[in-house]
Amino acid sequence: MGYVAVKGGTKAIEASIKRLTYERLKESEIIEVKTIMATMRSLVDQVMSESSLYSPFLAALSIKQAEGSMEEAVFIMRAHRSTLPRLYYSQTVESESMFVERRISASFKDIPGGQLLGATTDYTHRLLDFSLLDERVKQNEEWVKAYELELANIKATDKVSYFPKVVEYLRKEGLFDTYEADDTKPVDITKENLPFPAPRSARLQVLTRGQTGAVTALGYASLRGYGQVHPTVGEVRVGALPVYVDQPNGTGQNHEDPYYIGEIKVSEVESFVPVSTKNQKNEAELEFEIGYGVCYGQNETKAIAMSILDQCLEHPESNFPTHDEEFVLLHIDSVESTGFISHLKLPHYVTFQSKLDSVREVKKEGKE
Amino acid sequence: MKTMTHFAFFDEGSKKEIRRATLKAVAIPGYQVPFASREMPIARGWGTGGLQLTLSLIGKTDIVKVIDQGADESVNAVSIKKLVQQTTNVALTENTEAASLIQSRHRIPEVPLTKEQILVLQVPTPEPLRQVEASEYITKRLHAEDEYSGVWLLLFEQIMKYGKTATGADHPVYVNGRYVMAPSPIPRFDNQKLHYSEALILLGAGREKKIYAVPPYTDVNSLAFEDYPFTVESFADHTCYLCGADDVFLDELIDETSGKSYYQCNDTSYCVDRLNSLKEKEAAPTHA
């Protein structure tokens, strides 16, 4: 009879970690962080979004370390985040100031500023491209050169122009309510516990760092039938937003320039959702509300799903689970859900023994 | 690019926030204090609540012991210990009496704890009312209003269905006559060790973002009815096959050849201590 399962943990762990290293190294190939940054844009974007830490370099490093596992990479980034002191909040970022790479509307053909497809897989055919098997650097460089030459022939304007929001156009027509800017300081869910009922700022933070698959699944459920939100995508835009931080010692009233600390690439979505309201004469009227979605990088599916869920959570009176903020917000975080599911692998000897005792006692009494 | 981790992993701001929540928890025994809960380098559900408490409390002179379901050498206990030591360089021990800070998953050591010690318990589900009410917003109100009929009904229904209460581990307790508290999934056997404990007991739930406490010498009673008193797991007629202990929580093991079950102390360091002292006793006469 051996001494069961409780001795030798240290050695077992060491052996397991060694084996893990072996699995990563055994084929003697090395992927460079810069290669990941250059070729796995989408994966890098998703990792940054779910870990709510904007750094393509660190995201690529975590992907390398995690051998491409999303949940593992996000986990590493989140843990790293805990070691960083959080010293400043940025100024409010106005998304009208986005340097737009892509911007489309599903609501209007002819939006002010025009539709701009940019880079998207939407119109590619998803056929395996076997030509990628023998790609050559030289060939690729030639392709890029030719493309850049094409671009050079297009005359650029001297002035940077910003795209107006599609919703502004409808707002002028009175189809959307005009709200006063709400300058309440947003809740920081990484510094305080998520309160319920959750303020919208907290809800948006949880949604934007939610696991892509989970946010998409719940958004889909709501759209398909388990919810009451059927939106039209008013606007999807992808591009870079400049981020500024105030002078730390400034009083806020003087005219010291804020620090420009860089830019973040985001996907932003405004969905238009028809809702019925009552006017002053108590007659039913239709009106539009906006569902808002935003996330790091180019991840339009997640941003659209987020916009659906944002709108769902604005209407808690509906009985569908997608409208229940505790149901949605407490179950979409990658680190939390994967952690708790995987904890089932831990030994439960004591808890199971305790339940076993209970079941045996009940059975014994049944026989007496 | 190499970076060094701060002492005890966290930045000082995070430690302060956790300590503030802890102080509040000590001031209101059994009340679940919400806190921000940092993501840790170990997974949610794997002891991050306990670990955050440990790392916010630890000082250079502390001696740390970590146990998982009774065992010091269980893989996850080893993993947590490794992390604590790598980020703090403090001394580790398996000896319960030698430890100043004990982090444990689902057991309270067999050796009575002293006022010099702090016990940190890892908690998966801090809400004792979760089984009867899914919503956090509502359970928070129920606690505020001292409205615990749901959990009493839960026990009552078990009696109606099975003839007795049929809770496993995590049997709810009343703390200081006010808050009903989930003692974390410690076996019912350990519930009595919470009552008037000399050591400070802190409970941390990382994923659920709650910290709560049983301060020293606090009244802790397991929920039960007068005619259906609280009972603990029974190991009648069984003793540890290694050290012979008969008054401890035992692990049930199955002998591969005979198919029969045999028993062993769940608290491994307690068992080893007993074996060592038995050996000393046996050895003593030969010196004489």
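Student: Why is helix H8 (residues 200-208) of chain A called largely enclosed by the rest of the structure?

Tutor: This is a predicted model, and the term rests on a count of neighbours. A residue is buried if 20 or more other C-beta atoms lie within 10 Å of its own. Seven of the nine residues of H8(A) are buried, so the helix is described as largely enclosed.

Student: Which residues of H8(A) are buried, and what do they pack against?

Tutor: The buried residues are Ala202(A), Arg203(A), Leu204(A), Gln205(A), Val206(A), Leu207(A) and Thr208(A). They pack against helix H9 (212-224), strand S4 (284-296), helix H10 (300-313) and helix H11 (325-329) of chain A. Contact here means C-beta atoms within 7 Å.

Student: What makes strand S2 (residues 63-68) of chain B largely enclosed?

Tutor: Five of the six residues of S2(B) are buried, so this strand is largely enclosed by the rest of the structure.

Student: What joins S2(B) to strand S4 (residues 101-105) of chain B?

Tutor: Five bridges join them, and the two strands run parallel. The partner of Lys65(B) in S4(B) is Ile102(B), and Asp68(B) stands opposite Arg105(B).

Student: What is the strand order of the open sheet in chain B, and what makes a strand of it an edge strand?

Tutor: Seven strands follow the order S1-S9-S8-S5-S4-S2-S3, with mixed pairing. Strand S1 (33-34) and S3 of chain B each pair on one side only, and these are the edge strands.

Student: Which helix packs on the sheet and touches S4 of chain B?

Tutor: Helix H2 (residues 48-57) of chain B does, and it also touches strand S5 (118-122), S8 and S9 of chain B. The direction of H2(B) makes about 150° with that of S5(B). Helix H1(B) lies across S1, strand S8 (200-205) and strand S9 (210-214) of chain B, at about 40° to S9(B).

Student: How many residues does each chain give to the contact between chain A and chain B?

Tutor: Chain B gives 55 residues and chain A gives 43 residues. On the side of chain B, the elements giving two or more residues are helix H1 (12-27), H3, helix H4 (136-144) and strand S11 (250-254). H3(B) has the largest share, five residues. By class, that side of chain B has 21 nonpolar, 18 polar and 16 charged residues.

Student: What does the domain assignment give for chain A?

Tutor: It gives domain 1 (9-82) and domain 2 (95-122 + 132-332). Eight residues from domain 1 of chain A and 10 residues from domain 2 of chain A make up the contact.

Notes. Residues are numbered from 1 along each chain as its sequence is written. Chains are lettered from A and ligands numbered from 1 in the order in which they are written. This is a predicted model: local features need pLDDT of at least 70, side-chain atom pairs count only at pLDDT 80 or more; totals for chains, interfaces and linings use all residues. A residue is buried if 20 or more other C-beta atoms lie within 10 Å of its own, exposed if 12 or fewer, and partly exposed in between; C-beta atoms are placed from the backbone. Helices (H or I, at least four residues) and strands (E, at least two) are DSSP runs, numbered from the N terminus. Two residues are in contact if their C-beta atoms, placed from the backbone, lie within 7 Å. Two strands pair if DSSP finds at least two bridges between them. Ala, Val, Leu, Ile, Met, Phe, Trp, Tyr, Cys and Pro count as nonpolar, Asp, Glu, Lys and Arg as charged, and the others, Gly among them, as polar. Domain bounds come from an automatic or database domain assignment. Axes are lines fitted to C-alpha atoms, for helices over the stretch in contact, and angles run from 0 to 180 degrees between N-to-C directions.
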